[in-house]
Amino acid sequence: MTTQDTLAQLATGLLTGAIKVIDCAATLGPKTPLLKLPPEIADDTPPIEIHKISEYGDRGPFWAWNWLKLGEHSGTHYDAPHHWITGKDYPDGAVDTIDPQYFVAPANVIDCSKEAAADPDFLLTKDALIAWEQEHGEIKAGEWVLMRTDWDQYNEDAGTFLNADETGPHTPGPSVDCIEYLMEKKALGWGTQCVGTDAGAAGGFEPPYPAHNLLHKNNRYGLASLTNLDKLPPKGAVFITAPLKIENGTGSPVRALALVAA
Ligand SMILES: O=C(O)C(=O)c1ccccc1S
Ligand SMILES: [Mn+2]
């Protein structure tokens, strides 16, 4: 079978429904939960605003359109290497310079939904990844690794989604050795269903925010606030994540999509 035949089979599968497209992005709007950092060290992304220019009225009789006030790291979004100091010098480290070949890739989905339900500070470790590989197959170079926690169930309530108390945010994520292992495996990147790619407590890890630090140090990518990972198989989904081509952008909201066998 030629590569052209493979593409034709993909097209047929999409048209017949034999290949389903799963929406893995949350709706983006003023209610979208956004990261809250300690005010003593950082400014935050301002809330999303959607402003109507016209809606078939006197300021635009036949058309409707809006303008947006929108941070790069809002909602379901893509983290580029330029987002972190460890990735600041890559010439292909901004969303407008990343090779688009990387915007479509296979995905490994690690189901941590039960562990996250039991412990909001749950961390996925290297040992757990190795155990997963023994059951589902090796994580290969160029593939996404996505942590399923079903945290998207809290998307409608920022308080629950961010889950912070006087000790800080409590949301699941990767351990340091988890990301170190993925970089050894030359994974394409790491994705989560929480507000960021790191665990809520990651500011106190060494290095701080290890997912950001190590992914972007290796010129690799992050995805945050993904939805519907419960609809994806452990292996076999093809993930489509093309960020907006923002000039020298550090990230972008992204309509993440997964192609899966029906
Ligand atoms: O990239 C993000 O959206 C994110 O999660 C983040 C951004 C800036 C500082 C810390 C973090 S943890
Ligand atoms: Mn981000």
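User: Hi! Which residues surround ligand 1?
Analyst: They are L35, L37, H73, H77, D79, H83, W84, G196, Y209 and H212, each with a heavy atom within 4 Å of the ligand. This is a predicted model, where local features need pLDDT of at least 70, side-chain atom pairs count only at pLDDT 80 or more, and totals for chains, interfaces and linings use all residues. Residues are numbered from 1 along each chain, ligands are numbered from 1 and chains lettered from A in the order written, and side-chain values use heavy atoms, without hydrogens or water.

User: Thanks! Which side chains have a polar atom by an oxygen atom of ligand 1?
Analyst: For H83 the distance is 2.6 Å, for H212 it is 2.8 Å, and for D79 it is 3.1 Å.

User: New topic: what are the protein donors of the manganese ion?
Analyst: H73 (ND1), H77 (NE2) and D79 (OD) lie 2.1 to 2.2 Å from the manganese ion, ligand 2. Donors are N, O and S atoms within 2.8 Å of the metal (3.2 Å for Na, K and Ca); water is not among the atoms, so sites may look incomplete.

User: How are those donor residues spaced in sequence?
Analyst: The pattern is H-x3-H-x1-D.

User: And are H73 and D79 buried or exposed?
Analyst: Both H73 and D79 are buried, meaning under 20% relative accessible area, with exposed over 50% and partly exposed in between (1.4 Å probe, protein chains only).

Terms used. Polar contact = N/O pair within 3.5 Å; in protein donor to acceptor, adjacent residues only side chain to side chain.
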